[in-house]
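Please open the structure in a viewer and keep the selection panel at hand.

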Amino acid sequence: MALKIELKPNERIMLGDCVLTNCGQRTRLTIEGSAPLLREKDIMALGEANTPAKCIYLAVQFMYLAKKPSDTLTIYRQLARQMIKAWPKTEALITRIDNQILKGDLYNALKEARKLIAFEKASPEMKYASNAYMKTSVETASPRELEANLLLQAAAKLQTAHDNLNGKRAGLDDALLYNRRLWTIFLDAVMSEKNKLPVTVRDNIKRLGMYVMSETFAMMTKPKPDHLKAMIKVNRSVAAGLKARA
């Protein structure tokens, strides 16, 4: 069944690994197919994930947009365990998210994650839980750590594709798609008017993102090991910078 949505002027939607912006007047669209879709109000930018619940929402969002949700499931599980350990009252809400993930209904899992954010916001004691959460974190102690881990995960996929290239495309398309979707979200975040990063930092990320997109296109048309090496280097360098600032 086709999905009908109405967009306000300048409203954005994320459709698969593309971001569409309505540049004109109010527009009505009919969308057919099964590509994941998020309206602007539901998109969690990387820089906005500044609380435990928002980090969980971001992880579920990556699962929803990914071709293979299992790629981000480990990160989600770790975040969920850490939050329950720091604040046991969230266990029932996280269980509801888990149930939707198990059913394969990641859109409804996002809805449940949104309820977790609302619960977090409405609870004054959450500031204490947040402190405990940060203390119990090991690998994903902050939003920057989450971003870094996602970049390293993408780099690992690209490295595996590089090592197995030899004229074959086994795993290459999946690795390129995962990396492209990750950088699509990065680019969408830095181009948003709400982004508070310094202009020079935003411009650097834009340049890196466009470079990654260019190298990805080159790999899709004529795979070369050097293109993969370049993307792997970018991901690992940015991840190292994020971890150093976390």
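**First selection: helix H3**

Select H3, a helix of 13 residues whose first and last C-alpha atoms are 18 Å apart, close to the 18 Å expected at 1.5 Å a residue. The model is a predicted one.

Within H3, colour Leu 93, Ile 94, Ile 97, Asp 98, Gln 100 and Ile 101, which are its buried residues. Now look down the helix axis: these buried residues fall within an arc of 165 degrees, so they line one face of H3. Turn to the other side of H3, where Ala 92, Leu 102 and Lys 103 are exposed. Then step past the end of the helix to Gly 104, which follows H3 and has a positive phi, near 80 degrees.

Return to Ile 97 and display its surroundings. Which residues is Ile 97 in contact with, leaving aside its neighbours within four places in sequence? They are Ile 56, Val 60, Tyr 76, Ala 109, Glu 112, Ala 113 and Leu 116.

Widen the view to the largest nonpolar core, which has 56 residues. Ile 97 is one of the residues with the most contacts inside this core, together with Ile 56, Tyr 76, Leu 116 and Leu 228. Eight helices may be selected in turn here: H1 (52–65), H2 (70–86), H3 (91–103), H4 (106–122), H6 (143–163), H7 (172–191), H8 (199–221) and H9 (225–245) each supply at least two residues of the core. The largest share, 11 residues, comes from H1. Elsewhere, a second, separate core of 5 residues can be selected, with Leu 7, Ile 13, Ile 31 and Leu 37 among them.

How many aromatic pairs does the model contain? The count comes to 2.

For one of them, select Tyr 64 and Tyr 107: the ring centres are 5.9 Å apart and the planes stand at 55 degrees, so the pair is tilted. Tyr 64 belongs to helix H1 and Tyr 107 to helix H4, and the pair thus links parts of the chain 43 residues apart. Tyr 64 is buried, at a relative accessible area of 16%, whereas Tyr 107 is partly exposed, at 34%.

Next select Trp 87 and Phe 119, a stacked pair with 5.3 Å from centre to centre and 15 degrees between the planes. Trp 87 lies in the loop between H2 and H3, and Phe 119 in helix H4, so this pair ties together parts that are 32 residues apart in sequence. Is Trp 87 buried or exposed? With a relative accessibility of 5%, which is under the 20% cut-off, Trp 87 counts as buried. Phe 119, at 29%, counts as partly exposed.

Select Arg 114 with Tyr 57: the charged end of Arg 114 sits over the ring of Tyr 57, 4.4 Å from the ring centre. Then move to Lys 157, whose charged end sits over the ring of Tyr 178, 5.4 Å from the centre of that ring.

**Last selection: Gly 241**

Finally, select Gly 241, which is placed in helix H9. Gly 241 has a relative accessibility of 32% and therefore counts as partly exposed.

Technical notes
Residues numbered from 1 in each chain as written. Predicted model: local features only at pLDDT ≥ 70, side-chain atom pairs only at ≥ 80, totals over all residues. Heavy atoms only, no water. Core = buried A, V, L, I, M, F, W, Y, C linked by side-chain atoms within 4.5 Å. Buried < 20%, exposed > 50% of the residue type's maximum accessible area, 1.4 Å probe, protein only. Helix = DSSP H or I, 4+ residues; strand = E, 2+ residues; numbered from the N terminus. Contact = heavy atoms within 4.5 Å. Phe/Tyr/Trp six-rings, centres within 6.5 Å; stacked < 30°, edge-to-face > 60°. Lys NZ or Arg CZ within 6 Å of the ring centre and 35° of its normal. Expected span 1.5 Å × (residues − 1). Arc of directions from axis to C-beta.
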